[in-house]
Structures are given as C-alpha cells and as structure tokens.
Amino acid sequence: MRWRKSFEGLDTLVAERGEALLATAVLLTGSRAAAEDLLQAALERLMRHWNRVRGDKEGYLRRTMYHLAIDQWRSRKRRPEVLASVEPPGRSDGTDALDLRQALVQAVATLPPRQRAVLVLRYWEQMSEAEAAETLGCSIGTVKSTASRGLSRLREVTAAWAVDDAPAWKGAGR
C-alpha cells in the first residue's frame, strides 16, 4: 500500500505508454533485449527521482532513455559492441511492409548512438529540431548536422538493397 502512494501514476504510465516506450528503446538500441534493459534502467532512474520530477513524467523517462543510450556509446569506446540482428516481430504475417520495416530497423541499428537518437527523436517521435535539441541537451545545429549525417549514412546502407528483387507491383508506380 505504501509503494502505491509513493509512486502514484507509475503503473498507469507503464500500462498506457509501455509499448511505445519499448518501441522507441528498440530503435535506440537495435535489439529487443537491449531495449528492455535500457527501459528498465530509465524506469529505475525515474523511480529514484520520482518526488523531484515535476510535470511530464513520460518526458523525463524518454530523455533519460536517450541519454542512457548515448552514454552507452561512450563505454563502447573501451570495449567494442557486437550488435545482434533485430528480432522479427512476435507474429510474422509475411507482408512486404513488415519486411521493409525490419530492414529499416536493422539499418538504423548500424548507426552510431547519437545519430540513432536524433533520428528516432526527429522521425519516430516526430519532434521538432528545437524539441530534440532540448531533449538531448545540445544545440539545434548539432541536431541538424547529426540528422543530416545519419540520413546520409542510411541512404548509403539502403542503396545496396536490390531493386531487381522487388515484386513487379512495387515498380508499377514509378
């Protein structure tokens, strides 16, 4: 009973927004297992500072996830990371859209953490450059240049995808 009073609203936040938070974490980390760890660490920090966080608790949690994802990059300088392939969705329906989504998630996973964080904030979370800069604690120019480099790198990675292997109906609208 005491726990419920001290963390009032946490269970609602996790129940209502947990899937969206986990999806963002998967994009930031590149795998579901690492995403679960990232979200867990962010939730632990939120709980430690629960009484001091004023206003938007989800915003605090998301900022914490972005910062933790970027901090992991710094520790990887000392020991390299081996990214596992991103797991397929729980139930595969075999559509081309899911295959494309999976391939894009894998392409995003190849980016450095800061580029990944900026692209997730800008294009997945649909934040403005100013909002992304505020969330990451950097300048708008840094967000712009990092997004530009990240998109350029994604173009390089996806340029190798064979167009000839695409079904005939995909090319009909070109």
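Predicted model: local features only at pLDDT ≥ 70, side-chain atom pairs only at ≥ 80, totals over all residues.
I started with Glu 125 and Arg 62, whose side chains meet in a salt bridge at 2.7 Å, N to O. For me a salt bridge is a side-chain nitrogen of Lys or Arg within 4 Å of a carboxyl oxygen of Asp or Glu. Glu 125 sits in the loop between α6 (113-124) and α7 (129-136) and Arg 62 in helix α4, so this pair ties together parts 63 residues apart in sequence. Helices here are DSSP runs (H or I, at least four residues), numbered from the N terminus.

Residues are numbered from 1 along each chain as its sequence is written, and side-chain values use heavy atoms, with hydrogens and water left out.

**Arg 62, buried or exposed?** I looked it up: Arg 62 has 7% relative accessibility, so it counts as buried. My cut-offs are buried under 20% relative accessible area, exposed over 50%, and partly exposed in between (1.4 Å probe, protein chains only). Arg 62 belongs to helix α4 (residues 57-76). Leaving aside neighbours within four places in sequence, I find Arg 62 in contact (heavy atoms within 4.5 Å) with Arg 17, Ala 20, Leu 21, Thr 24 and Glu 125.

**Next pair.** Arg 17 and Glu 58 also form a salt bridge, at 3.1 Å, N to O. This one links distant parts of the chain, with Arg 17 in helix α2 (residues 10-29) and Glu 58 in helix α4, 41 residues apart. Arg 17 is partly exposed at 31%, whereas Glu 58 is buried at 17%. I then saw that Arg 17, Glu 58, Arg 62 and Glu 125 are linked in a network of salt bridges. Searching the whole structure gave me 6 salt bridges.

**Over to α3.** Helix α3 (residues 32-48) has 17 residues and reaches 24 Å from first C-alpha to last, close to the 24 Å expected at 1.5 Å a residue (1.5 Å times one less than the number of residues). Which residues of α3 are buried? I get Ala 35, Leu 38, Leu 39, Ala 42, Leu 43 and Leu 46. They cover an arc of only 135° around the axis, which puts them on the same side of α3; the arc is taken from the directions from the helix axis to the C-beta atoms. On the other side, Asp 37 and Arg 48 are exposed.

Notes. Helix = DSSP H or I, 4+ residues; strand = E, 2+ residues; numbered from the N terminus.
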